[in-house]
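Please read the following points with the structure open beside the text.

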Amino acid sequence: MALMNSEMMFLFVVLIISLSISCYEVGARNINGTPTKSQETMDSDFECVGIYKQPSLKHPLLKNHKIQHRPSFARDIVMDRFKIRRCPLGSVPIHRRKVRQQINITSKSQLQHFHQYSQSNPGHHFATLDTTQATTYHGASAKITIYNLTLQQNQYSMSQIWLQNGPPSELNVIKVGSGVDPGYYGDTQTRITGFWTVDNFQKTGCINYNAHCSGFVQVDPNVFLGAAISPTSVIGSRSQQFFSPFLVKQDQNTGHWWLSAHDNKSGYLNIGYWPKEILTHLNQGASLVRFGGETFTPPNNMNSPPMGSGMLPQTHFGSSAYMSNLELFDSNYNSISVEPEFVTKNVDTNSNCYDLLYNGDQGSVFQQAFLFGGPGGQCGV
């Protein structure tokens, strides 16, 4: 069964973001690269700081770190995507916590919230497509559909690329994609979300980067972790399915793990990177790559939140969330398509809560793609 129809028009948003200093416009594009009506957006959760004064450089392992301003693999640079520069020359945006948030803005509270992202934590669920080969990967990329979801405080729902390496007690993980997390952001907007750990979410790592979170080095003056993504897809509308292209790749020259937005027409928009100095096993590459969704709700407290679009993947692609154009970077740093014989479906709860439907190649436009998600509910622990 084909998940996609190449004759239908799909729109993608290349991370339409805004800073607190002003509104700006960025046009979305459809699958053929045709600009659509531009959209204004405003976000007051960020501020500009000097690039060498960003919180990440306070990490003890980055004391003498020299910032890499672009990855060595970026042959094409995205130029003039934004009308004006969001932060002044020599500065970058960082996330500023909202005053109305219900959790205290402290390192301790942020670490407690971060522990919820551990797979071993009760109330945590996932529906992913996982690699199965015993090999080394140096990156992955995918286009992820973007939906608005309604969640309660202390819940989260992610659609993401997930890379890891190391034994359980020293597990190195980088995750990045679109997420809704009211407990962290103070709202239910869908945002670019990324996080890392080197001990399986116990004592190290954090979400995004801010005054209490070091590790990720921001270099782009416009697009950043924590930024709201707009527009979002409309359930049931095949003409209003929006996606964001995410790429996470290790730089062969420096060993840093770069987060980029990438499309074949415009090249790379390089947001920033996780330095190799803070990683203990991923600095050698990833042993496992996962694509899909992840949720959390406090156990014995409430139903699990929706994942993806909130619809099960048995419905058509205009309703279910999908990830398309799945690619990996092999042990030689070459881009390869995901192959059905080397991946497996991994869902940790019943199919009435969440599921994943993968049928391999979906044609030249969407290539390797799958549907995923679900309404949540009584999903167990």
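1. Cysteine 353 and cysteine 379 are both buried. The model under discussion is a predicted one. In this model a disulfide joins cysteine 353 to cysteine 379, with a distance of 2.2 Å from S to S. The two residues lie in distant parts of the chain, 26 residues apart: cysteine 353 is in the loop between β20 (343–347) and β21 (355–361), and cysteine 379 is in the segment after β22 (368–373). The link is left-handed, with -115° about the S-S bond.

2. How many disulfides does a search of the whole structure find? The search finds two. Besides the pair already described, cysteine 48 and cysteine 87 form a disulfide, and their sulfur atoms are 2.0 Å apart. This pair also links distant parts of the chain, since cysteine 48 belongs to strand β5 (residues 46–50) while cysteine 87 sits in the loop between β5 and β6 (91–95), 39 residues apart. The link of cysteine 48 and cysteine 87 is left-handed, with -85° about the S-S bond.

3. Cysteine 87 has a relative accessible area of 1%; because buried means under 20%, cysteine 87 counts as buried.

4. Seven of its seven residues are buried, so β8 is largely enclosed by the rest of the structure. In a regular strand the side chains alternate between the two faces of the sheet. Both faces of β8 are covered: one side carries Gly139, Ser141, Lys143 and Thr145, the other Ala140, Ala142 and Ile144, and all of these are buried.

5. Which strands pair with β8? One of them is strand β14 (residues 243–250), which pairs with β8 in the antiparallel sense over seven bridges. Within β14, serine 244 stands opposite isoleucine 144. Strand β18 (residues 321–329) also pairs with β8 in the antiparallel sense, over five bridges. There, phenylalanine 329 of β18 is the bridge partner of glycine 139.

6. Leucine 269 has its place in strand β16 (residues 267–274). With a relative accessible area of 4%, leucine 269 is buried.

7. The structure holds four salt bridges. Among them is the one between aspartate 130 and arginine 290, whose closest N and O atoms are 3.2 Å apart. The pair links distant parts of the chain, with aspartate 130 in strand β7 (residues 124–131) and arginine 290 in strand β17 (residues 288–296), 160 residues apart. Aspartate 130 is buried at a relative accessible area of 6%, and arginine 290 counts as buried at 3%.

8. Strand β17 also contains glutamate 294, which is 119 residues apart from lysine 175 in strand β10 (residues 172–180). The side chains of glutamate 294 and lysine 175 meet in a salt bridge of 2.9 Å, N to O. Glutamate 294 has a relative accessible area of 0% and is buried; lysine 175, with a value of 0%, is buried too.

9. A further salt bridge joins aspartate 187 and arginine 191, with the closest N and O atoms 2.7 Å apart. Both aspartate 187 and arginine 191 are buried.

Note on methods:
Residues are numbered from 1 along each chain as its sequence is written. This is a predicted model: local features need pLDDT of at least 70, side-chain atom pairs count only at pLDDT 80 or more; totals for chains, interfaces and linings use all residues. Side-chain values use heavy atoms; hydrogens and water are left out. A disulfide is a pair of cysteine sulfur atoms within 2.5 Å. Helices (H or I, at least four residues) and strands (E, at least two) are DSSP runs, numbered from the N terminus. Buried means under 20% relative accessible area, exposed over 50%, partly exposed in between (1.4 Å probe, protein chains only). Two strands pair if DSSP finds at least two bridges between them.
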